[in-house]
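This briefing sets out selected structural features of the model shown below. The points are grouped by topic for reference alongside the coordinates.

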Amino acid sequence: MRLVTAVIKPFKLDDVKSALETFGVHGLTVSEVNGYGRQKGHTEVYRGAEYTVDFVPKVRLDVVVSDDDAADVVDVIVKSAATGQIGDGKVWTTPVDELVRVRTGERGPDAL
Amino acid sequence: MHFDSGDTAWVLGSAALVLFMTPGLALFYGGMVRSKNVLAMMVQNLGTIAVVSVVWALVSYSLAFGPDAGGGFIGSLRLAGLAHPNAPVPGLHLTVPPLAFCAFQMMFAVITAALLTGTGADRMRFHGFLLFAAIWSIVVYAPIAHWVFSPEGWLYKRGVLDFAGGNVVEIDSGASALALAFVLGRRRGWPRDVMAPHSLPLTVVGAGILWFGWFGFNAGSALAAGTLSSQAFVSTQLAACTGLLGWLVVEKWRTGHATTLGAASGAVAGLVAITPACGFVNSMAAMLIGLLGGITGVLAVSVKFRFRYDDSLDVVGVHGACGVVGTLLVGVLAQQGAGGHLFAQQALAVVVTMAWAFGLTYVVAQLVERTVGLRVSPEIEIEGLDTAIHAESAYDFGNVRAGRIGG
Amino acid sequence: MRLVTAVVKPFKLDDVKQALHELGIAGMTVSEVQGHGRQRGHTEVYRGAEYVVDFLPKVRLEVVVDDDMAERVVDTIVEAARTGQIGDGKVWTTGVADLVRIRTGERGPDAL
């Protein structure tokens with residue numbers, strides 16, 4: 001099993017979610033994070049005091065999938081999250097040793 | 001001239017109440033937009049107060065209430081720059097100083113223009129909208145105010161009854177909003193994407209301020225403190241209440257839920273409907289008008305989805321539609337003169353106001369869009385107006401920002 | 001070392017925290033996330049416009065533990081977080097290549 005993690009632009013979440021549903025991935029966890037790569041942040045001004053804020057709001061997506069699906073899921077996310085503009089984000093995978101569904105106690109691939 | 005200090009105090013106080021409605025509108029609308037655009041909405045309203053008040057003093061007061069320049073169509077520029085501040089307002093026999101009347105009417109011009117920020121929510125450029133508001137208040141608002149509010153105006157002379165601005169404010173802004181919605185186009189992702197209110201508590205506070213200020217708007221339009229203003233006051237309150245209840249009942253029946261936004265909107269819808277009528281009908285009629293306003297409003301806000309125009313915060317639906325209902329009902333329910341003839345004059349006023357407001361607003365909006373620009377770029381619309389245009393964020397709940405002063 | 005990650009119902013956080021303390025796990029990181037599996041979200045209505053909100057608030061717990069402890073920690077979390085109702089969440093583990101305590105610079109199992 002693999003954990004697929006993606007950091008994407010917030011307004012793309014809906015597109016990614018739909019694309020994953022179409023692919024067959026029905027559950028995911030989402031968090032609001034702040035991030036930056038080579039993308040600039042922005043400046044804020046309050047009564048003459050200028051602040052440079054480097055971070056840009058992003059959304060982080062986490063979903064555990066089977067080894068077989070991992071590469072495809074990454075593809076689906078990349079295609080649906082891309083805008084071509086700087087700041088589109090990144091996707092990565094890490095191996096998962098153990099997975100349990102809390103409600104039923106199912107373990108391993110049964111818990112996907 | 002003899003001035004009554006009680007009347008004068010009431011009119012000046014009412015002017016302040018009406019002014020307060022615009023910051024109230026900023027809260028009402030601000031809560032309804034997404035958090036990335038709340039400051040832009042609010043500062044557009046603040047900026048509108050500034051721009052329209054200045055333009056009023058310079059030119060539009062004279063165009064609206066100055067001596068008629070011909071045919072009851074527009075006032076002359078004799079009172080431009082608030083010249084002759086002590087000269088009686090043409091056609092009016094006031095017991096308050098002319099400047100008090102001028103101040104009171106100034107606030108009406110301000111809020112009518114401010115209402116248009118609701119149509120263009122989430123996608124208007126700041127300086128573009130302020131320029132638009134300045135021109136609009138001269139070519140759209142002032143003429144209609146002259147026709148209906150000034151005794152020298154041609155609709156006034158035909159016997160059209162508009163106590164506090166059903167035509168001049170509500171239908172005017174409603175029809176103008178429709179034109180503005182067409183020129184601006186739909187928001188990116190509308191209507192599919194979730195664009196839910198980010199802070200309904202702000203909206204409710206704003207609704208409360210609007211309700212409070214409306215007593216100045218309606219009862220102040222009696223331009224005196226006495227029986228008439230008392231009737232207008234009571235009618236205003238009753239209509240707000242039946243509007244609220246009417247909206248909630250229909251909403252519960254249609255969607256299964258009575259919502260906070262519905263309650264706030266219903267009160268406003270009732271207030272809009274009673275605005276042209278409050279000094280002309282009795283209290284029971286006011287309850288009926290408010291109720292019909294609330295019911296009209298809750299149904300009217302769905303129309304934009306059917307015709308796919310993005311009147312973001314329902315200026316057409318709440319102010320336009322309910323304003324029409326209230327104005328026409330005056331023809332039916334007025335204590336003096338109700339009947340076919342009055343109804344026909346009311347209908348004429350509705351049609352003429354809608355046509356002028358829609359047509360001229362379309363032209364002015366196109367003019368601004370093609371010169372300095374009225375709609376923001378897609379990038380700014382996605383990022384959010386607050387950071388992109390105003391370099392500010394509304395909320396900082398201790399979130400990660402990791403910035404520093406300077407560059 | 002292993003990273004144990006759990007996505008659980010927010011109101012169960014306290015029970016899970018308590019159970020981990022009893023097991024001897026002193027620290028953890030918690031974030032507020034949104035997630036859904038096969039559980040429905042809810043509907044919101046604004047002036048007649050109906051929005052279906054798929055995501056539900058969840059809490060994500062992360063704690064790095066010794067390889068030996070990992071299984072027990074997973075079981076403890078599962079038991080403490082379970083309600084038996086749909087939406088209870090999932091727990092998974094991934095391998096940790098390196099761990100450092102920032103204050104002291106300790107590395108590896110010493111930093112646990």
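This is a predicted model: local features need pLDDT of at least 70, side-chain atom pairs count only at pLDDT 80 or more; totals for chains, interfaces and linings use all residues.

Arg308(B) lies in the loop that connects helix H11 (303-307) with helix H12 (315-333) of chain B. Although Arg308(B) is not a glycine, its phi is positive, at about 55°. Arg308(B) has 9 other C-beta atoms within 10 Å, and because the limit for an exposed residue is 12 or fewer, Arg308(B) is classed as exposed.

- The position of Leu82(B) is in the loop between helix H2 (38-65) and helix H3 (98-119) of chain B.
- Leu82(B) has 15 C-beta neighbours inside 10 Å and therefore counts as partly exposed, whereas Arg308(B) is exposed.
- A cis peptide bond leads from Trp190(B) to Pro191(B), with omega near 5°.
- Pro191(B) belongs to the loop between helix H6 (166-184) and helix H7 (200-219) of chain B.

**Overall form of chain B**

- Chain B contains 15 helices and one strand.
- Its radius of gyration is 20 Å, close to the 22 Å given by the globule rule for 407 residues, so chain B is as compact as a globular protein of that length.
- The C-alpha trace of chain B spans about 65 × 50 × 35 Å along its principal axes.
- Of the 407 residues in chain B, 59% are buried.
- Among contacts in chain B with a separation of 6 or more, 77% are between residues 24 or more positions apart.

**Strand S1 and its partners in chain A**

- Strand S1 (residues 2-8) of chain A has five buried residues out of seven, so this strand is largely enclosed by the rest of the structure.
- S1(A) pairs with strand S5 (residues 56-65) of chain A in the antiparallel sense, over seven bridges.
- Within that pairing, Val59(A) in S5(A) is the bridge partner of Ile8(A).
- S1(A) is also joined by seven bridges to strand S6 (residues 89-95) of chain A, and these two strands run antiparallel.
- On the S6(A) side, the residue opposite Ile8(A) is Gly89(A).

**Strand S1 and its partners in chain C**

- In S1(C), six of the seven residues are buried, so S1(C) is largely enclosed by the rest of the structure.
- Seven bridges link S1(C) and S5(C) in an antiparallel pairing, in which Leu3(C) stands opposite Val64(C).
- S1(C) and S6(C) likewise run antiparallel and are joined by seven bridges.
- Thr5(C) of chain C faces Trp92(C) in S6(C).

**Contact between chains A and C**

- The contact involves 28 residues of chain C and 20 residues of chain A.
- Five elements of chain C each supply at least two residues of the side that touches chain A: strand S1 (2-8), strand S2 (29-36), strand S5 (56-65), helix H2 (67-81) and strand S6 (89-95).
- S6(C) provides the largest share of this side, with seven residues.
- By class, the side of chain C that touches chain A comprises ten nonpolar, eleven polar and seven charged residues.

**Contact between chains B and C**

- Six residues of chain C and eleven residues of chain B make up this contact.
- Strand S3 (residues 42-46) of chain C gives the largest share of the side of chain C that touches chain B, namely three residues.
- The side of chain C that touches chain B divides into three nonpolar, one polar and two charged residues.

Technical notes
Residues are numbered from 1 along each chain as its sequence is written. Chains are lettered from A and ligands numbered from 1 in the order in which they are written. Two residues are in contact if their C-beta atoms, placed from the backbone, lie within 7 Å. Helices (H or I, at least four residues) and strands (E, at least two) are DSSP runs, numbered from the N terminus. Ala, Val, Leu, Ile, Met, Phe, Trp, Tyr, Cys and Pro count as nonpolar, Asp, Glu, Lys and Arg as charged, and the others, Gly among them, as polar. A residue is buried if 20 or more other C-beta atoms lie within 10 Å of its own, exposed if 12 or fewer, and partly exposed in between; C-beta atoms are placed from the backbone. Two strands pair if DSSP finds at least two bridges between them. The radius of gyration is taken over C-alpha atoms; the globule rule is 2.2 Å times the number of residues to the power 0.38.
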